[in-house]
Structures are given as structure tokens and as C-alpha cells.
Amino acid sequence: MKDKKALKTNLIFAGVLLAAALALFALLQLRPSGGTALLTFGEDGKTMEIPLDKDARYDVDTGIYTIHLEVKDGAIAFVDSPCPDHLCEGYGWLSRQDDWAACLPARANVVVMSEGG
């Protein structure tokens, strides 16, 4: 009798966990697309607004190096950096508001301005 009650409690608990996991997964999949990132580069601080809702690759001459940025699945990242240390590539994919990365040798930084609406 005690084992059946414990089994029933465990099954209910597992069902609640599964339902919560499915709800979280659906929420993440259905979040709004869009958003923008702002690239600031070069000695004179030029800026470029980059939309995050369309996958693309951007090759930008900063006057020092040509940096390579990629937008994929609503996120942006430095890829194939020509700078000597490649630290900017280590920031990974940026997708949330105020996420940022910089390539100091190229005098470039990118910040996610909005996640979409």
C-alpha cells in the first residue's frame, strides 16, 4: 500500500516536471524574433546597426583589420578573427539585450541593443 502511494506521488511529480519543461521549451521557441546590434568600429567610432532577425555575414573594414561578424538564429558573434589573440571569438553568440563583445586590436565592439519585440 505504501509503495503504491509513493509510486503515485513520484509519477505526479515527474508529470509536473515534464509539463514545466515543455512550457519552458515552448516559451523559448516562441519568443519574438528581431532585435538589433550596434557595431562601433575604427579610430573615429563609426557605427553600424545590424539586424538580428536575418542570418547573414558581415565583413567590416575597421581601418586596422577586417572583422568578420555572423548573425545566426537571432544572435551575433565575431567569427574568423584576423587579430593576433582571437579573444573576441571567445565571447560566443550574443542575443540578449546589453550582451557585448569587443575586438580591441581592431578597435571594434558590438552590443545587442534589443532582443526584439
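**Entry 1: salt bridges**

I began by counting salt bridges, and the total came to three. I am working from a predicted model.

I took the pair E43 and R107 to start. Their side chains meet in a salt bridge, with N to O at 3.6 Å. That passes, because a salt bridge needs the nitrogen within 4 Å of the carboxyl oxygen. Next I asked myself which parts of the chain this pair ties together. E43 lies in the loop between β1 (36-41) and β2 (46-51). R107 lies in the loop between β6 (100-103) and β7 (108-114).

I then checked accessibility. E43 is exposed, at 63% relative accessible area. R107 is partly exposed, at 44%.

**Entry 2: the bridges of R57**

I moved on to R57. It forms a salt bridge with D59, and the closest N and O atoms are 3.5 Å apart. R57 also forms a salt bridge with D80, where the closest N and O atoms are 3.1 Å apart. I noted where the D80 pair sits. D80 is in the loop between β5 (75-78) and β6, while R57 is in strand β3 (residues 56-61). The pair links distant parts of the chain, 23 residues apart.

What do the shared partners make of R57, D59 and D80? The salt bridges join these residues into one network.

I looked up exposure here too. D80 is exposed, with a relative accessible area of 52%. R57 counts as partly exposed, at 41%.

**Entry 3: back to E43**

I returned to E43, in the loop between β1 and β2. I wanted to know which residues E43 touches, leaving out those up to four places away in sequence. They are I64 and R107. I had already logged R107 as the salt-bridge partner of E43.

I also looked up G63. Its C-alpha atom is separated from that of E43 by 7.7 Å. Along the chain, E43 and G63 are 20 residues apart.

**Entry 4: T62**

I turned to T62, in the loop between β3 and β4 (66-72). Is T62 buried or exposed? It counts as buried, at 7% relative accessibility. The cut-off for buried is under 20%, so T62 falls inside it.

I followed the side chain of T62. It reaches the backbone nitrogen of I64 at 3.2 Å. I64 is also one of the residues that E43 touches.

I then listed the contacts of T62, not counting residues up to four places away in sequence. T62 touches F41, G42, I67, A106 and A108.

**Entry 5: cysteines**

How many does the structure hold? The number is zero.

I checked C83, which is in no disulfide. Its nearest cysteine sulfur is that of C103, 3.6 Å away. C83 is buried, with a relative accessible area of 1%.

I did the check again for C88. C88 is in no disulfide either, and the nearest cysteine sulfur is again that of C103, here 3.8 Å away. C88 counts as buried, at 2% relative accessibility.

Methods:
Residues are numbered from 1 along each chain as its sequence is written. This is a predicted model: local features need pLDDT of at least 70, side-chain atom pairs count only at pLDDT 80 or more; totals for chains, interfaces and linings use all residues. Side-chain values use heavy atoms; hydrogens and water are left out. Helices (H or I, at least four residues) and strands (E, at least two) are DSSP runs, numbered from the N terminus. Buried means under 20% relative accessible area, exposed over 50%, partly exposed in between (1.4 Å probe, protein chains only). Contact means heavy atoms within 4.5 Å. A polar contact is a pair of N or O atoms within 3.5 Å; within protein, one must be able to donate a hydrogen and the other to accept it, and residues adjacent in sequence count only if both atoms are side-chain atoms. A disulfide is a pair of cysteine sulfur atoms within 2.5 Å.
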